[in-house]
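Student: Could you show me how to read a ligand site, step by step?

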Amino acid sequence: MSTLTRLAVLAVAGLSAISAAQAADLTVGFSQIGSESGWRAAETTVTKSEAEARGITLKIADAQQKQENQIKAIRSFVAQGVDAIFVAPVVATGWDTVLSEAKDAEIPVVLLDRSIETTNPDLYLTAVTSDTVHEGRVAGEWLAKTVGDRDCPIVELQGTVGSSPAINRKKGFDEVVAAHDNLKLIRSQTGDFTRAKGKEVMESFLKAEGGGKSICALYAHNDDMAVGAIQAIKEAGLKPGQDILVVSIDAVPDIFKAMMDGEANATVELTPNMAGPAFDAILAFKDKGTVPPKWIQTESKLYTQADDPAAVYKSKQGLGY
Ligand code: GZL
């Protein structure tokens with residue numbers, strides 16, 4: 001090995017040793033929304049394993065869907081003097097005051113999987129999220145392509161009111177509906193990203209639509225609401241995936257099980273690993289002062305029944321969904 005190569009190897013080893021040492025004494029406080037969906041549970045599991053892989057101490061506070069609990073958790077992390085704070089913001093507004101307190105304490109904040117509305121983007125270091133408007137567009141475009149010119153009355157299960165994914169997934173889907181005269185959104189209501197609420201609201205849609213024979217498709221902002229709605233469609237004596245097409249977002253294992261049974265048609269994948277890029281950004285920021293981009297975007301991939309749902313279902317086992 002040449003001297004130059006040897007020096008390069010030593011330099012890399014040295015750097016990784018420094019970052020490992022830095023990671024070892026790093027403590028991150030994570031204000032997690034709760035466990036409203038399979039995807040959220042997987043995000044928590046993956047965050048723990050990503051922290052462990054880096055030797056980072058992780059403190060998770062479960063807010064049980066309440067913003068006031070997230071604000072309390074952030075204040076507690078500031079009081080403990082953690083090195084960084086991760087927040088998955090349950091809703092998009094109301095964060096400036098508490099994030100200013102973190103900034104005053106010089107504790108960097110990273111947003112995971114949802115964004116916030118703020119006049120001061122300096123209140124957070126970066127946001128690791130998918131393009132949720134794009135997700136809505138991809139779902140809409142799949143439906144437009146699938147139904148062709150056929151008139152298609154659509155019902156929509158929205159995510160949590162005021163959350164950035166609910167606002168944006170609706171925006172993206174609405175753009176496609178507006179561009180296709182045969183697509184008609186006839187009912188839209190929040191199912192709060194949960195299976196139970198998704199089933200309950202779908203039951204009300206079916207009842208309000210005379211049993212649901214006129215409904216062509218369901219668009220759900222996440223798979224968990226879609227899985228709940230599939231149950232309601234079956235109990236109403238209709239065939240989900242055939243009488244009523246089902247398109248949703250997240251790509252959790254159970255939506256692939258539904259696809260295998262012909263009861264769901266398409267989903268847009270959302271990675272549960274938002275924390276890996278977030279930890280790397282914090283480590284680079286702490287180690288070398290590297291300021292990350294304001295948005296670290298994660299991939300979005302469409303899966304349909306044509307994409308071997310059984311194999312995808314198998315590949316998603318063991319991730320904590
Ligand atoms: C989207 C994320 C959403 C998931 C849901 O980025 O915030 O929250 O799509 C979860 O499953 O409840």
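Tutor: Here the ligand sits in the largest cavity, a cavity being a set of points on a 1 Å grid over the protein atoms alone where a 1.4 Å probe fits but cannot get out, and "sits" meaning that more than half of the ligand's atoms lie within 2 Å of those points. This is a predicted model, in which local features need pLDDT of at least 70 and side-chain atom pairs pLDDT 80 or more, while totals for linings use all residues. Numbering starts from 1 along each chain, and side-chain values use heavy atoms, without hydrogens and water.

Student: Which residues surround the ligand?

Tutor: Counting residues with a heavy atom within 4 Å, the shell includes Glu 36, Trp 39, Arg 114, Phe 193 and Leu 270. Domain 1 (3–130 + 271–297) and domain 2 (132–270) each contribute at least three shell residues, with bounds from an automatic or database assignment.

How values were computed
On a 1 Å grid over the protein atoms alone, a cavity is a set of points where a 1.4 Å probe fits but cannot get out, and a pocket is an open set with protein on both sides within 12 Å along at least five of seven lines; lining residues have an atom within 4 Å of a point.
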